[in-house]
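Subject: Handover of a structure

Hello,

I am passing this structure on to you. Please look through it first; my notes follow below.

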Amino acid sequence: MVNQTERNLYIAQNFTRQLIQKNISPEDVISIHKNAVEQIFPNQMNELQPAYDFLIEVMVHYGMAHREHQSLLQKQAEYEMEMKIATNIQKTLLKTYVPNMKNIDIGMISVPIRKMNGDYVHFFHDGEEYLSVAVTDVVGKGVPAALCMSMVKYGLETLVYAYKDPSYVLEVINRVIEKGVDDSMFVSMFYGCLNVEQNIFSYASAGHEPALHYSAKNDQFFTLEAKGLLLGVLSETNYTFHEIVLEENDLIIMMTDGVTEFRVKEELNSREVITTLIKENRHLSAQQLCQLLYKEIERVQNFKLFDDFTVVILKK
Amino acid sequence: MDVTIHFKEIDHKLFGFVEGEIDTFTASGLRDELEAVKITEGLEIELDLSKVNYMDSTGLGIFVAFYKRALRENGKVKLVGLSNRLQRLFEITGLSDLMDIETDKKVELR
């Protein structure tokens with residue numbers, strides 16, 4: 001108490017570390033201190049006794065708060081553990097298998113903003129003749145979104161017999177979702193089917209971000225607009241499909257709103273960013289284009305994305 | 001940034017003024033406020049979104065849920081004062097064909 005030195009403070013610091021490690025409560029620490037003072041200055045104890053008792057009483061409450069904090073930390077660790085398991089299950093459950101086809105180059109990237117992905121891509125293909133792709137985005141993020149998406153996936157799985165018909169697929173999935181979720185939950189989906197031999201791409205959309213068609217012959221982009229209500233809002237909804245002809249070196253770019261919505265830089269036209277980049281790099285493979293697009297949009301948004309990011313590119 | 005909503009009742013019509021950014025994190029407060037609105041038969045509700053500077057799909061979900069409840073309980077919901085950006089969101093999702101929506105421009109013309 002009289003000769004306070006740096007060295008003493010250093011010893012105290014190390015001692016504190018050990019106390020924390022052994023989970024000694026704050027009131028016990030004061031108690032230890034009190035006993036030490038009592039041994040060194042036995043004569044002053046009469047005056048100090050009430051002050052120490054007071055301090056110990058106060059510290060008891062700090063001790064309780066501390067223990068509560070400890071148990072919360074433990075609980076949090078348990079939750080994180082469960083979350084990790086759930087994330088792994090989702091990854092397995094909602095894994096997208098990208099088909100490998102001779103005449104069509106397929107690229108895909110899907111990056112979740114949180115642990116669980118609210119976007120999902122599903123491919124169907126029948127040998128080399130047909131290729132269908134569903135790009136979906138469920139409202140919200142995280143666990144609720146992932147649970148809803150499992151339902152969409154299994155809905156799609158059952159539609160193997162009808163995968164060439166975009167309107168029908170959307171109408172069935174709409175009914176499945178409408179029955180299964182509450183009023184504020186819904187899913188947007190872009191569904192396209194490519195007849196590889198005839199080079200016809202037919203598509204329909206349920207409230208989804210329009211896809212882009214790059215025509216190599218015209219060196220120009222066309223928006224694949226298709227009006228249709230989000231899935232899960234009204235049980236009886238009809239979806240109309242449209243068709244385009246795909247020519248040599250043409251591209252189809254399908255994406256979710258995580259790609260086109262810039263929250264920070266509102267003034268930037270996201271479609272322009274996308275089309276310029278793709279036009280300049282159209283010689284790259286579909287997968288390379290997807291990755292390049294992700295890098296570029298991440299950069300434009302200062303490396304801080306706000307939504308799950310998914311792009312699928314088909315290259316003829 | 002948070003989102004707030006203020007209600008005012010004029011001539012048996014309920015006006016709601018929404019202000020702020022509606023995203024996954026701020027949405028639950030708005031949802032609770034809208035769920036607390038008692039919809040009586042024939043009640044007309046007008047929600048003014050002109051002070052909403054950002055809305056994601058979670059926000060959209062809240063308005064859809066509110067709209068569907070109003071439909072069930074025979075009330076009427078109208079959204080007014082939508083910015084171009086919000087208008088586009090309602091158009092892409094097909095909701096503008098379903099719900100009663102008025103954009104900023106029409107309000108100015110009136």
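Two strands pair if DSSP finds at least two bridges between them. Helices (H or I, at least four residues) and strands (E, at least two) are DSSP runs, numbered from the N terminus.

This is a predicted model, in which local features need pLDDT of at least 70 and side-chain atom pairs count only at pLDDT 80 or more, while totals for chains, interfaces and linings use all residues. Residues are numbered from 1 along each chain as its sequence is written, and chains are lettered from A and ligands numbered from 1 in the order in which they are written.

Chain A

Chain A is divided into domain 1 (6-88) and domain 2 (96-315); these bounds come from an automatic or database domain assignment. The C-alpha centres of domain 1 and domain 2 of chain A are 56 Å apart.

Strand β2 (residues 119-126) of chain A runs antiparallel to β3(A), and 8 bridges join them. Asp119(A) has Asp137(A) in β3(A) as its bridge partner, and Asp126(A) stands opposite Tyr130(A). The hairpin of β2(A) and β3(A) has 3 residues between the strands, and Gly127(A) takes a positive phi near 55° there.

β3(A) also pairs with strand β4 (residues 187-195) of chain A, antiparallel and over 9 bridges. In that pairing, Ser132(A) has Cys193(A) as its bridge partner. Of the 9 residues of β3(A) (residues 130-138), 8 are buried, so the strand is largely enclosed by the rest of the structure. A residue is buried if 20 or more other C-beta atoms, placed from the backbone, lie within 10 Å of its own C-beta.

Chain B

Chain B has an open sheet of 5 strands in the order β1-β2-β3-β4-β5, with mixed pairing. Its edge strands are β1 and β5 of chain B, each of which pairs on one side only. The twist averages 20° from one strand to the next.

Strands β1 (residues 3-10) and β2 (residues 13-22) of chain B run antiparallel and are joined by 8 bridges, with Val18(B) in β2(B) as the bridge partner of Ile5(B). They form a hairpin with 2 residues between them, and Asp11(B) in the turn has a positive phi of about 50°. β2(B) and β3(B), by contrast, pair in the parallel sense over 9 bridges; Gly16(B) has Leu47(B) in β3(B) as its bridge partner.

Two helices pack on this sheet. α1(B) touches β1 and β2 of chain B, and its direction makes about 20° with that of β1(B). α2(B) touches β2, β3 and β4 of chain B, and its direction makes about 150° with that of β4(B). Angles run from 0 to 180 degrees between N-to-C directions, and axes are lines fitted to C-alpha atoms, for helices over the stretch in contact.

How do the axes of α1(B) and α2(B) cross? The axes of α1 (residues 27-35) and α2 (residues 57-72) of chain B come within 10 Å and cross at roughly 10°. The two helices are therefore roughly parallel to each other, a term for angles under 35 degrees. Their contact (C-beta atoms, placed from the backbone, within 7 Å) is made by Ala27(B), Leu30(B), Arg31(B) and Leu34(B) of α1(B) and by Thr58(B), Gly59(B), Ile62(B) and Phe66(B) of α2(B).

In helix α3 (residues 84-92) of chain B, Leu86(B), Leu89(B), Phe90(B) and Ile92(B) are buried. Gly94(B), whose phi is positive, near 80°, follows α3(B).

Regards

Note on methods:
Angles under 35 degrees count as roughly parallel, over 145 as roughly antiparallel, 65 to 115 as roughly perpendicular and the rest as oblique. A residue is buried if 20 or more other C-beta atoms lie within 10 Å of its own, exposed if 12 or fewer, and partly exposed in between; C-beta atoms are placed from the backbone.
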